[in-house]
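Subject: Structure handover

Hello,

Here is the structure I promised to pass on. Please open it alongside this note.

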Amino acid sequence: MEKIAKFYKVSEKQFTDAYVEEFNCNLQQAKEVYANIKLPKRATTGSAGYDFFSTVDVKLNAGEGVKIPTGIRAEIADGWVLQIYPRSGLGFKFRVQLDNTVGIIDSDYFYSDNEGHIFVKITNDGKKGKVAELSQGTGFAQGIFLPFGITVDDDATQKRNGGFGSTGNC
């Protein structure tokens, strides 16, 4: 297998700023969470997906969602993309989904002002009233690296700076 990427933690400041903003907690709590962030990893030698671990305890009633700052960034070789999906067990048991269906992490996102900090927004889209619960440190999403191609007449020159909607007018 070709080795084309490496995971890192974002800086403590990048993570704590995002975590405090998202969960309205104090800085010391965010620093404690940062110290325990686990880098994504595969569960078995045959796994395609790298498990991303929740940085927060989550309880989602049907229809509720949460944006989770993972504290992770990925340095990815040109010509590759990291795609983020929910863990299949969460989908089967609770119908937990990513709000954007599939997260796309481009190789140039690593160099953004936010250090390429990967956020994952999930929603319990279940119709049966089941409550989805995640414990901090539990795998909740998985990332898969895939190659991609471009057209022969491609002339993209814009530089990325940011995440959600940064390359368009979303």
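K67 is partly exposed, at a relative accessible area of 27%. This is a predicted model. The partner of K67 is E22, and the two side chains form a salt bridge at 3.6 Å, N to O.

Another pair is R87 and D51. Their side chains meet in a salt bridge of 3.7 Å, N to O. D51 belongs to strand β2 (residues 50–53), while R87 is in the loop between β6 (80–86) and α3 (88–94), so this pair links parts that are 36 residues apart in sequence. Is D51 buried or exposed? D51 has 13% relative accessibility, so it counts as buried, the cut-off being under 20%. R87 is partly exposed, at 30%.

K13 and D17 both lie in helix α1 (residues 12–23). They are 4 residues apart, about one turn of the helix. Their salt bridge brings the closest N and O atoms to 2.7 Å. K13 is exposed, with a relative accessible area of 56%. D17 is partly exposed, at 41%.

There is also a network. Salt bridges link R95, D125 and K127.

How many salt bridges does the structure hold? The count is 6.

Best wishes

Technical notes. Residues are numbered from 1 along each chain as its sequence is written. This is a predicted model: local features need pLDDT of at least 70, side-chain atom pairs count only at pLDDT 80 or more; totals for chains, interfaces and linings use all residues. Side-chain values use heavy atoms; hydrogens and water are left out. A salt bridge is a side-chain nitrogen of Lys or Arg within 4 Å of a carboxyl oxygen of Asp or Glu. Helices (H or I, at least four residues) and strands (E, at least two) are DSSP runs, numbered from the N terminus. Buried means under 20% relative accessible area, exposed over 50%, partly exposed in between (1.4 Å probe, protein chains only).
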